[in-house]
Amino acid sequence: MANLNPSPPILPSTITPEPVWRSRRQLLAAAGLAATGLGWSGASRAQSQPDKPALAGKRNAALSVSEDLTPERDITTYNNFYEFGLDKEDPFLFSGSMKTEPWAIAVEGEVAKPKVFGLDELLKLAPMEERIYRLRCVEAWSMVIPWMGYSLSALLRKVEPTGNAKYVEFVTDMQPEAMPGLRSRILRWPYRESLRMDEAMHPLTMLVYGLYGKQLPNQNGAPVRLAVPWKYGFKSAKSIVRIRVVEHLPMSSWMEVAPHEYGFYANVNPDVPHPRWSQAMERRIGGSVFAPRVRTQLFNGYADQVASLYAGLDLRQNY
C-alpha cells in the first residue's frame with residue numbers, strides 16, 4: 001500500500017502531556033460523562049460498536065495473576081490505539097466501522113513453511129485459554145486483563161523458523177476509511193513492533209483473540225493482537241495482518257521516531273525512568289478517575305519467568 005504519510009512524523013514530545021489529558025478526563029467525570037468513557041459527542045458514535053460473540057476457553061492458572069480485574073468498561077473505553085486518534089476514548093468512539101472479517105495473517109521470512117492463515121484457522125490452531133495478565137503502559141498506568149488466546153509459539157512452530165530466524169516483526173492493519181488517526185503524522189504507518197525470537201517463543205507471549213470471554217472489541221485490537229505482559233504496552237501490537245521472521249533487527253515504529261525514549265526491549269523497569277517521567281509508580285485503572293497508585297515491579301512482576309532471557313544484559317543501556 002502507498003505510504004499515507006510522506007511528511008516527517010510528529011515528535012513524541014509534542015503529544016499532549018499526561019496531566020492535561022488527565023484533567024480533561026476528570027472534567028468529563030465531573031460532568032457525569034466518564035462513567036461510560038464518552039465525551040460530549042461520543043454516545044451516538046459508540047452505539048455503532050458491533051456486538052462480539054462469546055469465546056470459550058479454560059483459565060490457565062499457571063500463567064495468570066491473582067489480582068482484581070480491571071472492569072471491562074475501563075478496558076474497552078480507555079486505551080491507546082493511535083490509528084483511531086490520540087485521546088484515550090478515541091478508539092472506543094471511532095473504531096466501530098473497522099472491518100474485521102474477512103481477516104488473515106501472512107507469516108513469512110526466515111521460515112520453512114510461509115503461509116497465510118485465515119482467522120477461522122487461527123481460532124482453531126491451538127486450544128483457547130484465558131490468562132489474567134498485568135498490562136503496564138509506558139505512560140505509567142496499568143490494568144489487569146483477562147485475555148483469551150494462546151501462546152504465539154504455537155503459530156511460529158507451524159511455519160518452522162530457520163536457523164537464521166533471530167527476530168519477529170509484527171505489522172498492523174491500515175484501513176484509511178475507518179481509521180481517522182492514520183491522517184496524523186505521529187508515526188509512519190503501518191504500525192510495526194518486534195521481539196527477539198526467544199521472547200516471541202516464550203510461553204507468556206500470547207496471541208490474543210478475546211477478553212472477558214468475548215471476542216476482542218475493535219478498540220482493543222480486533223480480531224487478533226499480541227500480549228507481552230513483561231513489556232510496556234506499546235510492544236503488544238494490535239490488529240496484526242503480517243508477521244515477518246527475520247535475521248536482522250527490524251525498525252519498530254516508536255524506535256524510528258524517538259529511539260532515545262522508546263528502545264527495542266521496552267522491558268518494564270521501575271529503575272529506568274522515561275526521559276519525561278518516572279516509571280517507579282503506576283496508576284491502576286479501575287472504576288474511578290482517582291485511580292490508586294502502586295509501585296511498579298521489575299518486568300511488571302514477571303521476573304521469575306523472564307529474567308533469564310536477559311542474563312548478563314545491562315537493563316539500563318538496553319531499555
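Strands β2 (residues 104–109) and β3 run antiparallel and are joined by 4 bridges; strands here are DSSP runs of E with at least two residues, helices are runs of H or I with at least four residues, and both are numbered from the N terminus. Two strands are taken to pair if DSSP finds at least two bridges between them. Within this pairing, V107 has K115 of β3 as its bridge partner. The model is predicted, so local features need pLDDT of at least 70 and side-chain atom pairs count only at pLDDT 80 or more, while totals for chains, interfaces and linings use all residues. Residues are numbered from 1 along each chain as its sequence is written, and side-chain values use heavy atoms, with hydrogens and water left out.

The two strands belong to an open sheet of 5 strands with mixed pairing, in the order β3-β2-β11-β6-β7. At its edges stand β3 (115–118) and β7 (192–196); each has a single partner strand, so one side of each lacks a neighbour in the sheet. On average, neighbouring strands of this sheet are turned by 20° against each other, direction ignored. For such angles, axes are lines fitted to C-alpha atoms, for helices over the stretch in contact, and the angles run from 0 to 180 degrees between N-to-C directions.

β6 runs antiparallel to β7, with 5 bridges between them, and V168 has L195 of β7 as its bridge partner. β6 is also antiparallel to β11 (residues 240–246), through 6 bridges; here the bridge partner of E169 is R244.

Q297 lies in the loop between β13 (293–295) and α9 (303–306). This residue is partly exposed, at a relative accessible area of 41%. Leaving aside residues up to four places away in sequence, Q297 touches R134, V268 and P270, a contact being heavy atoms within 4.5 Å. Q297 and E282 are 15 residues apart in sequence, and their C-alpha atoms are 9.7 Å apart in space.

Turning to the whole protein chain, its secondary structure comprises 9 helices and 13 strands. Of its 319 residues, 55% count as buried. Among contacts with a separation of 6 or more, 74% are between residues 24 or more positions apart.

Note on methods
Buried < 20%, exposed > 50% of the residue type's maximum accessible area, 1.4 Å probe, protein only.
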